[in-house]
Amino acid sequence: MNSILIVEDEIKLANLLQDYLRLENLDTHIISDGALVVDWVKENKPDVILLDIMLPNKDGLTLCKEIRQFSMVPIAMVTARVEEIDRLLGLEIGADDYICKPYSPKEVVARVKAIIRRQSALNQQELTPSILEIDEQKFTVAVKGNKLELTAIEFNLLNALAKSPGRIFSRNQLIDTIYSDNRIVSDRTIDSHIKKLRKKLNQASPEQEIVQSVYGVGYKLEI
């Protein structure tokens, strides 16, 4: 049974959402205090987190960023703050989806089930042969069995994207992932490396765009 963590300080709303999710045979747990979330996630490893932004003691944006330091569990931000800046902030720290209040509980259930299906498909994909093979120990990459000659930066970019297929990474997230020395790197530098990487991938697999750009946000890997 899939486990859903509801992080919401409006108890009536959280209970209503819990009832609807349980009708779909989804195991649920409610936390209303932001300070309790990280330890619970580490111990219980939920399959999906519904994370409200406005919480007592620790807000949802901070929690999302902290959770991303140790887990890639799908996180859907639940908020009444629909301004575009909040959406971009959520993406910057690793949110996978957004659910805006006021919402229909049925809509939330549908979104949660869609996230579970997507995650299940990704897990199944890991069990089947992939056109993309990455060996972190040997520092090699092959597409359809053909090895690619990549620079260290290109390898690290591809490896970061490949660890979470379908997830959108902002340029800042990619910078933080591949540069560990806190150097100042511009978005254009990342775009340049991605352009060269995509060219090599497209030459090996012209019928499929493995690394895709998401306008105004960043990049993702699709296989």
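Colleague: Where does K45 lie?

Modeller: K45 is in the loop between α2 (37-44) and β3 (48-52). Helices (H or I, at least four residues) and strands (E, at least two) are DSSP runs, numbered from the N terminus. Before we go on, this is a predicted model, where local features need pLDDT of at least 70, side-chain atom pairs count only at pLDDT 80 or more, and totals for chains, interfaces and linings use all residues. Residues are numbered from 1 along each chain as its sequence is written, and side-chain values use heavy atoms, with hydrogens and water left out.

Colleague: Why is K45 called exposed?

Modeller: Buried means under 20% relative accessible area, exposed over 50%, and partly exposed in between (1.4 Å probe, protein chains only). K45 comes out at 61% relative accessibility, so it counts as exposed. K45 also has a positive phi of about 50 degrees, although it is not a glycine.

Colleague: And what makes N57 exposed?

Modeller: N57 has 65% relative accessibility, so exposed is the label. N57 sits in the loop between β3 and α3 (60-67). Its phi is positive too, about 75 degrees, and N57 is not a glycine either.

Colleague: What about the cysteines: why are C64 and C100 labelled as they are?

Modeller: C64 is at 0% relative accessibility, so it counts as buried. C100 is at 21%, so it goes down as partly exposed.

Colleague: How many disulfides do you count?

Modeller: The rule asks for a pair of cysteine sulfur atoms within 2.5 Å, and by it the count comes to 0 disulfides.

Colleague: How do you know that the span of α1 is close to what's expected?

Modeller: The expected span is 1.5 Å times one less than the number of residues. Helix α1 (residues 11-23) has 13 residues, which gives an expected 18 Å, and it reaches 18 Å from its first C-alpha to its last.

Colleague: Which residues of α1 are buried, and why say they line one face?

Modeller: They are A14, L17, Q18 and L21. Seen down the axis of α1, these buried residues fall within an arc of 105 degrees, so they line one face of the helix. The arc is taken from the directions from the helix axis to the C-beta atoms. On the other side of α1, K12 and L23 are exposed.

Colleague: What joins K101 and P102?

Modeller: A cis peptide bond, with omega about -5 degrees. P102 is in the loop between β5 (97-100) and α5 (105-127).
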